[in-house]
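Colleague: Could you walk me through this model and tell me what stands behind the words you use for it?
Modeller: Gladly; let's have a look together.

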Amino acid sequence: MVAPSKDISTETMSQIAKSKDNKYELLYFPFHGVLPALRAMLAISGANYTFTHPVDWTKEKPSTPFGSLPILYETDPASGHTLELAELSAIECYLGDKYGWMGDNLWERAQVQMYHSSTQAVFDKWVTTVVRAPKEHKAQMTDIYMEKILPEWVEYHEKLLMGRGCNGHYVGDKFSIADLKTATTLDNLISMSGDRFLSREKTPAIFAVYDAVEKMPKYAAWKSSPEWKAYDELNKKLFGF
Ligand SMILES: N[C@@H](CCC(=O)N[C@@H](CS)C(=O)NCC(=O)O)C(=O)O
């Protein structure tokens, strides 16, 4: 865990944030958790980055902004100054802006955030309703998720992507963090529900997004790396998906 610089102005921070030559450290637990899209963003960015894990989380927690992970540390090699950014969606949008994955204008950016947020929500609901449910309510909460929450996300996203021409993108004809969030979340959703709701036959438009992301060479390389597989293994062992 790098110590963030506290004695520099927000103007200096903003200058540092503009550079693509900075070194990133992304701190999170050693499983996928909520990070598949964020880790993939760094993996495909071409940036200089490392993925690190807490050594003793109980001790480290109080010195983090909100007592939770992920946190992105970004160090400017010239000055040695380090910026610290917490909160998953804030980090994803920040990197999305930096690498051109937020659409091409203000309205497209808002649309990208809208689709990204809807998909993040369907995953977060799985965590809050099912993963964190007390043992005696788990089956009931799983039913609620499978009968209502997931099918609703599937139905609405399939319909809107069909309406956009089923071209593999949520906004325009360009890759964005909305596409990436759906592709990475789909791995989890399929792991939870098999082909009950999601398949190339039932949801071709959602799969067009998935396939477009999977075809990106840097993304494919990241997903077949030993590091990705180690996160996947621990995720399945701890959470079953
Ligand atoms: N609002 C935070 C929530 C992140 C979160 O829930 N992190 C969990 C892991 S997925 C965490 O840090 N848990 C450890 C703890 O709360 O002590 C975000 O979006 O980044």
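Modeller: Let me start with β3 and strand β4 (residues 82-86), which pair in the antiparallel sense over five bridges. The model is predicted, so to speak of local features we ask for pLDDT of at least 70, and side-chain atom pairs count only at pLDDT 80 or more, while totals for chains, interfaces and linings use all residues. Residues are numbered from 1 along each chain as its sequence is written, and side-chain values use heavy atoms, leaving out hydrogens and water.

Colleague: What makes β3 and β4 a pair?
Modeller: Two strands pair if DSSP finds at least two bridges between them, and β3 and β4 have five bridges. Strands themselves are DSSP runs of E, at least two residues long, and helices are runs of H or I of at least four, numbered from the N terminus. One of the bridges joins L72 to L85 in β4.

Colleague: What lies between β3 and β4 in their hairpin?
Modeller: Six residues, and G80 in that turn has a positive phi of about 80°.

Colleague: Which other strand pairs with β3?
Modeller: Strand β1 (residues 23-27) does, also in the antiparallel sense and over five bridges. There, L26 stands opposite L72.

Colleague: Why is strand β3 called mostly covered?
Modeller: Four of the five residues in β3 (residues 71-75) are buried. Buried means under 20% relative accessible area, exposed means over 50%, and partly exposed is in between (1.4 Å probe, protein chains only).

Colleague: Why does E87 count as partly exposed?
Modeller: Its relative accessibility is 42%, so E87 counts as partly exposed. E87 sits in the loop between β4 and α4 (88-99), and has a positive phi of about 80° although it is not a glycine.

Colleague: Which peptide bond is cis?
Modeller: The one joining L69 and P70, with omega of about 20°. P70 is placed in the loop between α3 (57-60) and β3.

Colleague: How do you know that the radius of gyration agrees with a compact globule?
Modeller: The radius is taken over C-alpha atoms, and the globule rule is 2.2 Å times the number of residues to the power 0.38. For 241 residues a compact globule would have a radius near 18 Å, and the chain has 18 Å, so the two agree.
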